[in-house]
Amino acid sequence: MACAFCSHGLPQLRPSLLEWAAKRLSRRKGAPGWHWSSVLASEVGPGFPFQLKTTTTAAISKDFTEDRVWLNGREEDVGQPRLQACLQEIRRLARKRRNTWDGDLPPSSLNCKVHVASENNFPTAAGLASSAAGYACLAYTLARVYGVESDLSEVARRGSGSACRSLYGGFVEWQMGEQADGKDSIARQVAPESHWPELRVLILVVSAEKKLMGSTVGMQASVKTSPLLRFRAESVVPARMAEMTRCIQERDFRGFAQLTMQDSNQFHATCLDTFPPISYLSHISWRIIHLVHRFNAHHGDTKVAYTFDAGPNAVIFTLEDTMADFVAAVRHTFPPGSNGDTFLRGLQVRPASLPAELKAALAMEPTPGGVKYIIATQVGPGPQILDDPYTHLLGPDGLPKPAA
């Protein structure tokens with residue numbers, strides 16, 4: 001039995017970087033994960049100790065009688081079209097590599113069935129990019145187990161459009177491309193994860209529930225019914241792409257933050273422009289939005305920025321020297337319940353008290369339990385190989401290990 005394993009930090013920072021119109025709500029007709037305009041993204045690091053990650057193990061064996069896949073300990077339908085698209089493309093590339101092999105042929109694995117187990121340690125299908133992380137890990141792991149060495153950007157995109165740029169760390173551009181078949185719609189790294197070391201990310205988990213309207217279904221509805229979507233992709237996104245690239249290259253947080261919030265707002269405006277309308281934000285999401293604006297107004301500067309994926313959970317961008325103060329504002333506005341000791345997870349954040357003048361400026365009645373917990377993290381790398389066998393999800397028999 002041949003195995004491969006990887007772990008991946010959560011690739012969530014897309015909305016601030018113009019993901020929305022381009023990826024979530026528009027794709028070329030009939031094409032797997034291709035879109036109308038280029039996008040920029042960044043990968044969220046695992047945090048410490050690995051608070052944000054997808055872990056995937058794949059194994060092939062001549063003893064396996066069928067392909068099987070498990071997600072978060074539950075066996076899933078291996079016939080899912082997006083999963084099959086990735087698997088078929090990897091096997092096609094493996095056959096191509098074998099047919100062009102120069103020298104003695106290695107043992108063929110093409111006739112072997114595969115078992116895949118994947119786990120997220122963050123909410124799945126709740127607007128936190130679990131599909132992007134999952135399919136990036138899947139493509140990367142399958143490539144290793146089948147001996148594929150080509151660019152995996154196109155493979156990952158067949159599972160989840162944004163997964164193509166999740167194969168790279170740091171700040172990544174997903175290029176629209178020009179070919180009708182979308183084969184040039186691939187990702188490239190704009191800046192490594194070390195480019196902006198002061199940048200921090202706070203993920204405010206409002207709900208771990210699976211969203212009622214999936215991203216793909218929502219996208220398809222918007223493509224059919226939203227005039228704002230096409231206007232956004234054709235008239236707004238190109239200029240914002242250039243401006244966001246500049247902000248990242250120059251580490252211009254104020255410009256970065258303002259564009260982040262404007263683009264997130266316009267994405268959700270597109271959702272409301274869809275018919276029937278789509279609403280991903282909850283009343284707690286809106287309270288977070290108000291909190292951010294009042295926090296910034298008090299400081300007379302843009303210190304923090306929000307962005308929302310297709311779900312109610314907020315991603316907050318800030319700089320290292322502001323993170324503790326904003327966490328204190330969140331704790332005041334959304335007092336934790338019985339999980340006070342685990343309310344803040346991930347990177348360590350120094351304790352900070354909320355000044356009386358800031359508390360007065362916020363002017364918000366506390367909503368206990370509105371935010372379930374916070375994950376503190378930063379921009380990180382792409383998929384990583386796990387060397388520790390205890391982290392592997394499949395046992396020697398090719399089945400998921402029993403839960404600890």
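**View 1. Helix α5 and its buried residues.** In helix α5, which spans residues 215-225, S215, G218, M219 and S222 are buried (under 20% relative accessible area; over 50% is exposed and in between is partly exposed, with a 1.4 Å probe and protein chains only). Look down the axis of α5: the buried residues fall within an arc of 100°, so they line one face of the helix. That arc is taken from the directions from the helix axis to the C-beta atoms. Here's the general idea: an α-helix has 3.6 residues a turn, so residues three or four places apart point the same way.

This is a predicted model, where local features need pLDDT of at least 70, side-chain atom pairs need 80 or more, and totals for chains, interfaces and linings use all residues. Numbering starts from 1 along each chain as its sequence is written, and side-chain values use heavy atoms, leaving out hydrogens and water.

**View 2. Helices α8 and α9 crossing.** The axes of α8 (residues 283-299) and α9 (residues 320-333) come within 11 Å and cross at roughly 135°. Axes are lines fitted to C-alpha atoms, for helices over the stretch in contact, with angles from 0 to 180 degrees between N-to-C directions. The two helices are therefore oblique to each other (under 35 degrees is roughly parallel, over 145 roughly antiparallel, 65 to 115 roughly perpendicular, and the rest oblique).

**View 3. Where α8 meets α9.** From α8 come R287, L291, V292 and F295. Their partners in α9 are T322, D325, F326, A329, V330 and T333. Contact here means heavy atoms within 4.5 Å.

**View 4. Zooming back out.** The chain has 10 helices and 13 strands (DSSP runs numbered from the N terminus: H or I of at least four residues for helices, E of at least two for strands). Buried residues make up 55% of its 404 residues.
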